[in-house]
Amino acid sequence: MIQRSARTGNFTVLGNGIFTDNALSFEAMGLLAYLLSKPDNWSIHPRALSKTTEGSDQRRGMGKIYDLLNVLIDAGYLERRKLASGEVEYKLIRERAQ
């Protein structure tokens, strides 16, 4: 049985589609859910994502973060663009793959 807490504030509503997409691992689902919990104007920075895992039993280095971002790109949840400055920008998080 699943017991849920009352939602009184600071929660995220997500469509179940991201949790039934066979293209995503549990870890990729978790990263996508984490990203979708952020405000619309939040920027995705792989180094900051890696730093978020510091101190946990499941620390993820930059290589793993890039691997997970690539899974989300390949599944259509995220887009990556290279800017004129040479920097890489991740954009357009979606709840449904395109």
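**Exercise 1. Find what covers the buried residues of helix 2.**

Solution. Start with the list: in helix 2, the buried residues (under 20% relative accessible area, with a 1.4 Å probe and protein chains only; exposed is over 50%, partly exposed in between) are A28, M29, L31, L32, A33, L35 and L36. Next, look at what sits over them: the cover includes helix 1 (17–20), helix 3 and helix 4. Helices here are DSSP runs of H or I with at least four residues, strands are E runs of at least two, and both are numbered from the N terminus.

A quick note on the ground rules. This is a predicted model, so local features need pLDDT of at least 70 and side-chain atom pairs count only at pLDDT 80 or more, while totals for chains, interfaces and linings use all residues. Residues are numbered from 1 along each chain as its sequence is written, and side-chain values use heavy atoms, with hydrogens and water left out.

**Exercise 2. Work out how helix 2 and helix 4 pack against each other.**

Solution. First, get the geometry: the axes of helix 2 (residues 26–36) and helix 4 (residues 62–74) come within 10 Å and cross at roughly 85°. Axes are lines fitted to C-alpha atoms, for helices over the stretch in contact, and angles run from 0 to 180 degrees between N-to-C directions. Then name the arrangement: the two helices, helix 2 and helix 4, are therefore roughly perpendicular (65 to 115 degrees; under 35 is roughly parallel, over 145 roughly antiparallel, the rest oblique).

Now pick out the residues. On the helix 2 side you have E27, A28, L31, L32 and L35, and they meet K64, L68, L69, V71 and L72 of helix 4, where contact means heavy atoms within 4.5 Å. Sorted by class, that contact has 8 nonpolar, no polar and 2 charged residues (Ala, Val, Leu, Ile, Met, Phe, Trp, Tyr, Cys and Pro are nonpolar; Asp, Glu, Lys and Arg are charged; the others, Gly among them, are polar).

**Exercise 3. Describe the surroundings of L35.**

Solution. L35 belongs to helix 2, and its relative accessibility is 6%, so L35 counts as buried. Skip its neighbours within four places in sequence, and L35 is in contact with W42, I44, L49, L72 and I93.

**Exercise 4. Which elements are in the protein, and in what order?**

Solution. Count them: there are 4 helices and 2 strands. Then read from the N terminus, and the order is α-α-α-α-β-β. For overall dimensions, the C-alpha trace spans about 50 × 35 × 25 Å along its principal axes. Finally, of the 98 residues, 26% count as buried.
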